[in-house]
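Here is a short note for a colleague opening this structure. Please read it with the sequence and the 3D view side by side.

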Amino acid sequence: MVFSSLFGKRPAEPEPPSTPTSDQPKLSLFDRMRQAVTRTRESLSDSISSVVALTREVDQASLDDLEPRLLAADIGSATTAIIMENLRQRAFRTGIESGAQLKEILKAELKQILDSVAHPIQHPATPPEVILMVGVNGTGKTTTTGKLANLYRSQGRSVLLCAADTFRAAAIEQLEVWAQRSDVPVIKTKQGGDPSAALYDALTAAKSRGTNVLIADTAGRLHTKTDLMKELDKMRRTAEKLVPGAPHQTFLVMDATTGQNGLQQARLFTEAARVTGIVLTKLDGTAKGGIVLAIATELRLPVLYAGIGEKIDDLIPFDSSAFIDSLVG
Ligand SMILES: Nc1nc2c(ncn2[C@@H]2O[C@H](COP(=O)(O)OP(=O)(O)OP(=O)(O)O)[C@@H](O)[C@H]2O)c(=O)[nH]1
Ligand SMILES: [Mg+2]
């Protein structure tokens, strides 16, 4: 399968305006996805091999061995139960003849789960498109805001950043560094200031400048912090008032390494914050990439982007076929 067909929905991989720390040869997005899920793939491949090693034909009993490995990859108990039930039925009805066939069936099952929550992103007819970055502490919101600015810029869209994390020390400076890297302007207020006021200024600026995309980095918060959740509501209302339909996107940034724990936090967060899609960060640092499946089954939300490192171009548009091929390939 060629790379362009996997990523055909988006423009060809662009040359970012600046990649200060990128010193490796350019890999295709597919290769980079494959690299990011290496550890998860190795653990899954092992289990598929061990299932097949037991007997030439994959029977129901030998499938039992696969179940704990799916759970270990963080696919989640609900999702694993669905997959196992389908595989067992298949083994019972028509038989599964080989490891290769098991892989193909597994791939189809996983793909169906991801595709059931996929939907095309609707861009507003009139700019700016307003994106709120939300999530619990330390998941990678600020880093992802910087990477997204770079990605959108390289697609020819103009970007304005809003430093709406006025809570954490140095959060504004951190975003300014990212803004410089991708050469985009940033609107800020002082630390301790009202994030909605910063957002108001940024929305006004984006409208008058005709900016395509406004991305607001917000403070890390737990759904249990009532004041901070109210603050997020106020930001939403501010956006709504100034730009019809805004915020058009609310991206929940999730850290893949936090596994089922992160998923539980995310579940409660999505209920409170009207999340439209997930950015899954730190996929490069985990053998639990299966969390993408659990997100689809349990949050009913698509993963839109994957963070695969700390550099500016270490963010890739998520593609379910590429992901599944990388995971089970
Ligand atoms: N390996 C890896 N590290 C990442 C990725 N995304 C973010 N990080 C790192 O995660 C750490 C936290 O990132 P931040 O962007 O500051 O996270 P945040 O959500 O803004 O944090 P708070 O604002 O404190 O809630 C930093 O050290 C980032 O370099 C990723 O995709 N891969
Ligand atoms: Mg931050």
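1. **Basis.** This is a predicted model: local features need pLDDT of at least 70, side-chain atom pairs count only at pLDDT 80 or more, and totals for chains, interfaces and linings use all residues. Residues are numbered from 1 along each chain as its sequence is written, chains are lettered from A and ligands numbered from 1 in the order in which they are written, and side-chain values use heavy atoms, without hydrogens and water.

2. **Strand S6.** Start at residues 277-281, strand S6. Strands (E, at least two residues) and helices (H or I, at least four) are DSSP runs, numbered from the N terminus. Five of the five residues of S6 are buried, so the strand is largely enclosed by the rest of the structure. Buried means under 20% relative accessible area (1.4 Å probe, protein chains only). Gly277, Val279 and Thr281 point one way, Ile278 and Leu280 the other.

3. **Toward S5.** Strand S5 (residues 249-255) pairs with S6 in the parallel sense, over five bridges. Two strands pair if DSSP finds at least two bridges between them. Met254 stands opposite Leu280.

4. **Toward S7.** S6 also pairs with strand S7 (residues 303-307), in the parallel sense, over three bridges. Here Leu280 stands opposite Ala306.

5. **The whole sheet.** Eight strands form an open sheet with mixed pairing. Its order is S3-S2-S4-S1-S5-S6-S7-S8. Strand S3 (186-187) and strand S8 (315-317) are the edges, each pairing on one side only.

Note on methods:
Buried < 20%, exposed > 50% of the residue type's maximum accessible area, 1.4 Å probe, protein only.
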